[in-house]
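Subject: Handing over a structure, with notes

Dear colleague,

I am passing this structure on to you, and I would be grateful if you could look through it alongside my notes. The sequence and the model come first.

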Amino acid sequence: MKEIKEDLFLTKQSQEKLALFRKIIQTKQQENSLDDQQVGKPSAPLQIEDLNLHTVATLMHKNYGTLYYAYLRLVADLQMIVGDPQASRAKLFAVSEGQLRLALVRQGVPFAFLQHLIAEDLPNFEAFIQAVGYSRVTCLRYLRPLRDMAKNLGLRIVYENLHIIGDEENIRIFLTLAYWLATDGVEWPFSTCSRSQALTLAHQIDQGFKLAYHSPVMKEVLAYFAAVTRVRLAHGHRFSELVTMIADPVPNLFKKQSALTWPEQISESQHLYLVSFLLPMYYAPGDPQIRVMIQRFEHFSPKAFALAQTILGELQPQVSLIAHMSGAFADVIMASMLAIIVGVMTLGFDLGTTIAYAFKPYMNEAQPDKKLQRLVTQATAKALAQVHIDVQGDLLPDLSTALYANLLQLQRIMQPTERVKVALMLEPVALGFLDLVVFLHQQPAVEFLHHHYEEADLIIKDSSVPLVFEHAQHPVVFKWNLNATGDLFGELTTVIKTLQQQKNG
C-alpha cells in the first residue's frame, strides 16, 4: 500500500510552524512550578511574555536565526486568528493548537480543492488554479496525497472537471475522512449544511439503528458523515438499489424527503445502517457495547457472522495469539473480524486496515510472517467453502489479506519476535523504584537483562556513575529520577516504542 504523508493538508512550512507552536507551549508548561500544579485545579496561565527563543531553538536543534524567522511567521498567523495585530503574546498563545492548525489548513491548496470537490461549483481545473493563485504544477504536487488517499479507497479524482469517480459509498467515506482529517473536529466545515441539521440526522441514525454512541467524538464524526450524505443527495448522488446482505428491515430515515423515491429512501437508510458496521467503534476490552454489537452483527448478516465464527474456530488451535486471548479481548477480535468481513463483502476492502496502514507507515515495516499468512489463508478458504456467501467475485484474496494484516500487527505488538532488552542500574532503594519496575513489567515488548548490562538495548540508571562499554555499539542510556513525574514515564515509553520498532522492523 502506498505511503501517505502524516498530514495531507499542511505544507512543510505549515507543519514547521505547528511544531514550533507545540514546542513553545510545551516548554512554557514544563517551566511551570510543579508546586503550582495541584490536582483538580485549573492550570495557571502560561508566562509567555518571558519566552526565551534561544532555549526553544536548542530544544528543537535549530539554528536561532532560522527559528526566529519561523517564529515571526507563526506570530503573524496567530495575529490573523485573534484579529488583532497588537495582541499580547499571552493572547496569541492562548489560541488552541486545533485553531492554529485549521487556520493553516484553510490557507492550503488541498482544503480549497476539497471544498470545491464537494460543492461541484467549478467547471474545470483551470478555474480552480485561478481561484487559488498557484501554478498547475504546484497544485498537482500539493494534491497528490489527497489523490493517493482516494486511490487507496478505490476512487479516482479527475482533475480536469473536479470530479470524483467510484462507488458512492466509498466517495462518502472518503469525503467524511478527508474533512475530519482537515478540521480535526475543531470547527464545522460545511457551508451548505449546518451543524444542527447534520446533528439531527446523526441523532436519527443513532436512535434508529440503536448505536448508543456515548463518545462526543463518535457523535461528531457521525455528524460529518450525515453532512456529507445530505450534500451528496442535494447534488443528485443517490442510492436506489436495496442492500441484499441486510437480513432485517431498517427504519426509513428519509421518509420526510419527498425529493427521494421510496426505493431511494430505503436504500439510503440501508447504506447508513451499513456504514455503522464497517468500523469497530470501540477499543477497550470489557466494553459492554461490544457484546451488543456482536449480537447485532448476527442479525445484520447471519452468513457474515457464521463466516467469522468458522474462521476463528479454524485459527484458534493453530495461532497461539488467538488461543490465549482472554474473553474480553476475544470479543474485540470477534467484533473486528466481523467489521473486516462486512467491509470486504460490501466495499471490496477493509476500511480500518486501509486507513491504519496509510497513516501509520511503520506498519509497512513489519516483518512478514509466512506461517501466519498461510494459516489465515487456509482458514479463510475452508470457512468460505462451508459458508456460502452470495457476492460477486472471489472473496478469498481480499478477505484473507485484510485478516492477516490485522493479526500480523496484533502479533507484532503482543508477541514481538524480539523484545527490548532492559538493564536496570539503580540505587538500592527497592520501594522507591517499584513504580518503574511494575511499569516495565507491564510492557509486552520489554525483557529484563540481569547480567552483562553492556548487551542491553536500553539501560535505565538513576546515578551519574559512568558506564564502560567495550563494543562500538552502545546501548541507549536513559537517566531516571527517584522522584519521577508522569512526563518522565512518557519519555521512557517513547524510547521503548522506538527501540521496539527498530528491532522488529
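Predicted model: local features only at pLDDT ≥ 70, side-chain atom pairs only at ≥ 80, totals over all residues.

Residues are numbered from 1 along each chain as its sequence is written, and side-chain values use heavy atoms, with hydrogens and water left out.

Let me begin with the charged pairs. A salt bridge here is a side-chain nitrogen of Lys or Arg within 4 Å of a carboxyl oxygen of Asp or Glu, and by this rule the count comes to 16 salt bridges. One of them joins arginine 22 to glutamate 97, with the closest N and O atoms 2.6 Å apart. This pair links distant parts of the chain, since arginine 22 sits in helix H1 (residues 12-31) and glutamate 97 in helix H5 (residues 97-106), 75 residues apart. Helices are DSSP runs of H or I with at least four residues, numbered from the N terminus.

Glutamate 187 lies in the loop between helix H9 (168-183) and helix H10 (195-208), whereas arginine 106 belongs to helix H5, so the pair ties together parts that are 81 residues apart in sequence. Glutamate 187 is partly exposed, with a relative accessible area of 40%, and arginine 106 is partly exposed with 36%.

Glutamate 168 and arginine 232 also form a salt bridge, with 2.8 Å between the closest N and O atoms. Here glutamate 168 is in helix H9 and arginine 232 in helix H11 (residues 216-234), so the pair ties together parts that are 64 residues apart in sequence. Both glutamate 168 and arginine 232 are buried. The two residues also belong to a network of salt bridges that links Glu120, Glu168, Arg172, Arg232 and Glu268.

Turning to the aromatic rings, the rings of Phe, Tyr and Trp (its six-membered ring) pair if their centres lie within 6.5 Å, and planes under 30 degrees apart count as stacked, over 60 as edge-to-face and the rest as tilted. By this rule the count comes to 21 aromatic pairs. In one of these, phenylalanine 21 and phenylalanine 93 have ring centres 5.7 Å apart and planes at 10 degrees, so the pair is stacked. Phenylalanine 21 is in helix H1 and phenylalanine 93 in the loop between helix H4 (89-92) and H5, 72 residues apart, and the pair thus links distant parts of the chain. Phenylalanine 21 is buried at 3% relative accessibility, and phenylalanine 93 is buried at 5%. Elsewhere, Phe111, Tyr179, Trp180, Trp188, Phe190 and Tyr224 form one aromatic cluster.

How many disulfides are there, if a disulfide is a pair of cysteine sulfur atoms within 2.5 Å? The count comes to zero. Cysteine 139 is buried at 0% relative accessibility, and cysteine 193 is buried at 1%.

Threonine 27 lies in helix H1 and is buried, with a relative accessible area of 6%. Leaving aside neighbours within four places in sequence, threonine 27 is in contact (heavy atoms within 4.5 Å) with Val56 and Leu59. Threonine 192, by contrast, lies in the loop between H9 and H10 and counts as exposed at 64% relative accessibility. Not counting residues up to four places away in sequence, threonine 192 touches Gln197 and Val231. Threonine 192 and valine 231 are 39 residues apart in sequence and 7.2 Å apart in space, C-alpha to C-alpha.

On the surface, tyrosine 69 in helix H3 (residues 64-82) is exposed, with a relative accessible area of 54%.

Definitions and conventions
Disulfide = S-S within 2.5 Å. Buried < 20%, exposed > 50% of the residue type's maximum accessible area, 1.4 Å probe, protein only. Helix = DSSP H or I, 4+ residues; strand = E, 2+ residues; numbered from the N terminus.
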